[in-house]
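Subject: Handover of a structure and what was found in it

Dear colleague,

Please keep it open beside you while you read.

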Amino acid sequence: MKKTLTANISGTVYHIEEDAYDRLHRYLESIRSQFNGTEGREEIMADIESRIAELFTERLDGRRQVVSIDDVDHVIRTMGQPEDYVMGDGAGERQQQQEQGSTHAGSATSGPPAGRRFYRHPEDTWVGGVLGGLGAYLNIDPLILRLVYLIFLFLGFGFVLYIILWILVPKADSAADILRMRGEPVNVENIKRMFSEGSERFQQGARNVANEAEELGRRWSQRERATGRGLEAGVSRFLNVVGRILGVSFLLAGAVLILIILGALVGGGSITYDNLTGLGEAGLFELGAVVFDSSAQAMWFITSIVLLALIPAIGLLIGGVRLVTDARPPRWIPWTLSITWMMALFASIVIGARVGNDFSEERSTEHELVIDPPAGQTLYLDLHDMRGTGGNWEVNYSRGRVDWDMEGLRITNDSIHGAWARLDVVPSADSVFHLHVKRGAHGRTEKMALARASHTGFTYVQSDSLLRFSPWVDMPRNDKLRAQMITFVVKVPLGRAVHLNGGTGLLLHDVDNVSNTLDEDMVGRTWTMTRYGLNDQVRPEDVRDEVVPMEQQQGTPNDTNGPNRPAPSAQLEVRNGSMLPDLLSMLRR
Amino acid sequence: MNVENTKAQMRKGVLEYCILSILAQGELYPSDIISKLKEARLIVVEGTLYPLLTRLKDAGLLTYRWEESRSGPPRKYYKLTTIGEQFLTELDQTWDELSQAVNKTTRKNA
């Protein structure tokens, strides 16, 4: 006794023995995969099915009820092997394409395939089947590849690489593809063997189709046959739509990214920066030359960085095109892109490490500068050289160009000038004003850092009670930009004050004060040094009147480290206390 | 360059020409065409024909109509379109020229 199924072939219902059904189904599947990517595949398949139905009807001839495996073999002999179907259909063109190394997935060719092809593996998959497919392609256990890949993942670029391959490598989605992936010739014998090996996916697929065939007792219209089969077609149509939407967004993202990157490169030719005579211009590479050891190194680094960003963008674009049009790029494109990207990564890491190494040590030197004591209680602080608004670097993107606005950077033939000097105000240890300057820099060794620090130049000018500081940090061009920094430190004795003129807003950097006022808000006020820190609510003379009584009241005459003590309650006292002496001093006048 | 590929390409061109010629004699359905081609030993298996018919139809050289069949599914009856007829006339001419040229050349070589 043999089990039979009911199959609807081209609108006619046949009873068919199970083994006959399996063979016929595999036969149709392998023909279908021969026509992968061929226009009108569904129509051709419908015609073929129609002819097969005719042949069955002829064979059965009304005497028998059930299609047997002999009938199926007869049909296959009459219709020909899957390879025969494409004999006349563009076989020549396809062959040529293949010889040119095109990855025309599932492209049907007569004769044995040239060799293995790189497909994503449909079954041996952890994420997208890329490594499973690569394993089949290279004939290596995918587990080894996955372990190697984990290392790449930890190096940080494995992820991007995987995505690119995922997009570019087609999935082996037919029996013929899987055979090509393994490098075996595509013929019915091999496909049959693949089934008997118990390839689960296909068995399941066959079962699904069998169930479907039983359910679909009704006659399919031509249109229904052309568009698909029930649930399976619904799912694939849905995936198709999702694919297209993804594709369009990939296309857009890729195009925008490429535009921005190319814009940056074109705009890179016009970095504007402050000059003593006005705005100057320098190329991206010229700027690079003051950071990198040579302009050649700068060029390599910038090129590498641009490629690092550009190649994934191109990958997005290609992936988008592929998802939208099903057109597959020639195989050399993804390979070239991946290899170039790896090389760019390597170059940028090497150069970056070299330059970064030159920042590894930081040293600074501090020494005191001579200033005359001011005539009154207050020292006035201001900006000396207004040219250069200082460190206000911006990158603007407009109309396809990127403008690197680097105010406060000036490059001459032998020197670099950066308007980023800082000013700090701290308590003095004794009863007079002091001015210190701290010069810092980075270098490969402590010695080099210290040498660079001592090469830096700065400017300050005193006229009576007015002390003016230049924001410009001067350094020799040969030293390169290595985070050279000048910090002016004004030390104010207890009971004396500094007035911060408008220009100092640029210089002030994190100046401590009792009210935690931000640097920019400290400008334009007079700050008196109290034992708790700078305070703009008291006058110098008040400090002298106030300090002694308060200490006596609290009975803490030994509490002399007051200026640095951050005590909120003490701050409150000073503020409250300051109001009364203020009034009193007014009354006294 | 392999001989199978060259043979396939040669046969492909000739097959298309022959299909058009067969259909020039009247409306036929695929089995009729197949038996004629088999008679002439141009094809061995039937599968070859179907993609070719679809291609010629998509190119606008052929058109078809459905006809119910007593036994089995409805049949597609193919016939030439006007473009197909013009196409065939040109092919006839080309074939004459070609076969003369081939005959001449191969005879000289022999």
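In this predicted model, the axes of helix α2 (residues 41–60) of chain A and helix α3 (residues 69–79) of chain A come within 10 Å and cross at roughly 130°, where axes are lines fitted to C-alpha atoms, for helices over the stretch in contact, and angles run from 0 to 180 degrees between N-to-C directions. That angle makes α2(A) oblique to α3(A), given that angles under 35 degrees count as roughly parallel, over 145 as roughly antiparallel, 65 to 115 as roughly perpendicular and the rest as oblique. The crossing of α2(A) with α3(A) is right-handed (left-handed if the near helix is turned anticlockwise from the far one by less than a right angle, right-handed if clockwise). On the side of α2(A), the contact (heavy atoms within 4.5 Å) involves A:Ile48, A:Arg51, A:Ile52, A:Leu55, A:Phe56, A:Arg59 and A:Leu60, and on the side of α3(A) it involves A:Asp70, A:Asp71, A:Val72, A:His74, A:Val75, A:Thr78 and A:Met79. These residues divide into eight nonpolar, two polar and four charged, with Ala, Val, Leu, Ile, Met, Phe, Trp, Tyr, Cys and Pro counting as nonpolar, Asp, Glu, Lys and Arg as charged, and the others, Gly among them, as polar.

A few conventions apply throughout: residues are numbered from 1 along each chain as its sequence is written, and chains are lettered from A and ligands numbered from 1 in the order in which they are written. Because the model is predicted, local features need pLDDT of at least 70 and side-chain atom pairs count only at pLDDT 80 or more, while totals for chains, interfaces and linings use all residues, and side-chain values use heavy atoms, with hydrogens and water left out.

Chain A as a whole has 20 helices and 20 strands, which are DSSP runs numbered from the N terminus (helices H or I, at least four residues; strands E, at least two). Of its 589 residues, 47% count as buried (under 20% relative accessible area, with exposed over 50% and partly exposed in between, for a 1.4 Å probe and protein chains only).

Turning to the aromatic rings, a search of the whole structure finds eight aromatic pairs over all chains; rings of Phe, Tyr and Trp (its six-membered ring) pair if their centres lie within 6.5 Å, and planes under 30 degrees apart count as stacked, over 60 as edge-to-face and the rest as tilted. The rings of A:Phe469 and A:Phe488 have centres 4.7 Å apart and planes at 40°, so this pair is tilted. Since A:Phe469 lies in strand β15 (residues 466–469) of chain A and A:Phe488 in strand β17 (residues 485–492) of chain A, the pair ties together parts that are 19 residues apart in sequence. Both A:Phe469 and A:Phe488 are buried, and together with A:Phe458 they form one aromatic cluster.

In chain B, the axes of α1(B) and helix α3 (residues 49–58) of chain B come within 11 Å and cross at roughly 70°, and α1(B) and α3(B) are therefore roughly perpendicular to each other. Here B:Lys12, B:Leu15, B:Glu16, B:Ile19 and B:Leu20 in α1(B) meet B:Leu49, B:Leu52, B:Leu53, B:Arg55 and B:Leu56 in α3(B), a contact whose residues divide into seven nonpolar, no polar and three charged.
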